[in-house]
Amino acid sequence: MTDQPNDKNPAGGKGRSEKQQARKERFVAQKHGKDTDQRYDSSYPKKREQGRSGDDRDKERNPSGERNFYTKRSDIEPLKSGARLARGAERVDLPMGRLLFHVLAVLEEATNSDSPIDRALASHFSNIKGRLTPRDHDRIRDMVWGVVRRYRRLLWWLEINGQTPQVRKLLLADLVLTHGKNVQDITHFCKGGGGYLKRLTDSEARALSAMDGKRLADETMPEAVTLECPAWAEKGLREVFGDRFTVEIEALRQPAPLDIRVNPFKGNRDELIPRLEKAGCKVEKLDWLPYGLRITDAGRKAHLPFYERGEFEIQDAGSQVLAAMVAVEPGQRVIDFCAGAGGKTLALAAEMNNRGQLIAADVHNKRLARAALRLKRAGVFNAERKVLGSERDPWVKKNKGKFDRVLVDAPCSGIGSWRRAPDSKWRRDEKDLEELVALQESILTSAARLVKPGGRLVYATCSLLPVENEDQVAKLLRSRPDFKLVPVKGIWAEKMPTSMPEAMGDMLRLSPATNDTDGFFAAVLEREAE
């Protein structure tokens with residue numbers, strides 16, 4: 001009997017079924033990381049490679065031709081901005097040309113919005129979340145900060161070659177002077193179009209050619225340019241440091257360590273050290289501080305669980321010294337007049353052992369909102385927050401002469417924190433400094449009203465300029481003869497576990513080169529008792 005065709009299984013159906021089954025098995029194998037079915041000819045890619053030159057194969061792997069600038073090569077073409085990754089595929093590092101597009105975007109965002117680099121980076125990464133590899137994030141971050149840390153030297157090279165100070169040109173100059181690229185390389189990076197920088201202009205090409213083979217630090221550069229010291233701060237820093245100017249400014253250019261203050265409400269320093277080390281951190285004990293530690297290797301942020309539980313706060317060693325100089329006692333009435341996010345408020349609460357009244361005051365409500373979270377996490381319950389309309393808020397007059405201790409950590413130029421925020425030095429000028437000095441005087445004069453007879457006023461900044469520090473103290477002492485300067489040596493001997501550095505005078509002055517801390521200034525003023 002002759003076989004009859006089955007309408008439910010037409011001719012060729014068996015072949016299609018086998019193909020469908022093969023595709024299904026390959027999908028399952030890819031999903032679980034296994035080899036595909038053997039019926040799939042694994043030699044097929046190799047067969048395709050035969051008969052083509054090595055150059056052809058290289059171009060397919062890297063159509064942009066930037067083979068030498070890959071840190072991780074792949075046969076997969078990097079996705080265009082906004083494209084979605086195929087199922088089962090892995091992201092690859094961007095070629096240099098595409099990477100530069102992101103670097104410039106961050107630098108321009110920071111420049112146009114006058115926002116800190118950290119904030120611009122966070123915003124950019126948030127907008128392109130999931131489109132870059134972790135290594136690309138690191139490379140972008142390093143290149144952005146590199147341009148910022150070399151800003152004045154790069155600007156000098158642009159100026160002597162007749163170029164305007166544009167962010168794009170700073171980045172291009174950095175490629176030549178720091179990364180050793182030439183005009184041909186950079187032309188290759190600047191393709192124009194989506195995901196790449198615009199093509200080089202003739203003027204840019206000539207300037208970059210003139211820099212080719214040159215070093216970033218040239219012997220004809222002025223000293224302040226070589227040290228990345230802005231013009232608005234140079235005179236004051238030379239005045240305060242004298243012959244140590246070069247050493248001190250060079251130290252302000254170096255990366256800052258990660259210092260922490262152990263929270264005595266949640267544990268003690270000696271017990272926390274081995275726990276941090278077990279978690280993968282390298283820790284140094286700062287013996288000259290009551291609660292200080294320095295984490296030299298965070299072990300991929302292994303310290304974060306301890307921080308989130310409130311066992312310590314991230315606080316520079318210099319800031320911890322400043323808090324100790326306030327010399328608070330349990331049961332006192334204390335105000336942190338420019339509290340910000342509450343770092344020093346937390347340290348004061350620990351010294352007060354949660355007893356007495358502690359007020360964190362500031363004109364910025366958002367900063368005080370962050371302080372509320374930190375106070376709760378640390379287990380502080382004797383502190384309250386007070387939002388002021390200005391430094392001369394009517395509340396200040398109502399509370400005249402009611403506080404044992406008044407800490408004024410005034411807004412300042414931030415020179416002492418250049419190690420942590422090198423971009424801040426380029427966001428200020430002489431006019432900004434004049435405005436800050438006027439604001440500091442107004443804040444200090446108003447806050448002095450809060451000090452009761454026999455109480456103390458502590459004026460502090462993270463600046464190193466005399467006009468923001470010693471000059472402000474002198475003006476207050478002239479206007480308020482009922483205040484006198486208290487030498488910090490006696491307070492140091494009372495509050496600190498080691499003796500005070502010999503170079504210290506009647507007022508506190510810390511710097512990276514001398515004390516291995518951020519730059520800080522503080523003066524303690526006591527009001528005469530009635």
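Modeller: Arg 333 lies over the face of Phe 403, 4.4 Å from the ring centre. A charge sits over a ring if NZ of Lys or CZ of Arg is within 6 Å of the ring centre and within 35 degrees of the ring normal. Keep in mind that this is a predicted model, where local features need pLDDT of at least 70, side-chain atom pairs count only at pLDDT 80 or more, and totals for chains, interfaces and linings use all residues. Residues are numbered from 1 along each chain as its sequence is written, and side-chain values use heavy atoms, with hydrogens and water left out.

Back to Phe 403: at 0% relative accessibility, Phe 403 counts as buried (under 20% relative accessible area; exposed is over 50%, partly exposed in between, with a 1.4 Å probe and protein chains only). Phe 403 also has a ring partner, Trp 395: their centres are 6.2 Å apart and their planes at 50°, so this pair is tilted. Rings of Phe, Tyr and Trp (its six-membered ring) pair if their centres lie within 6.5 Å; planes under 30 degrees apart count as stacked, over 60 as edge-to-face and the rest as tilted. Trp 395 has 15% relative accessibility, so Trp 395 counts as buried too.

There are five aromatic pairs in the structure. One of them joins Tyr 307 and Phe 312, with centres 6.0 Å apart and planes at 45°, so that pair is tilted. Phe 312 is at 0% relative accessibility and therefore counts as buried.
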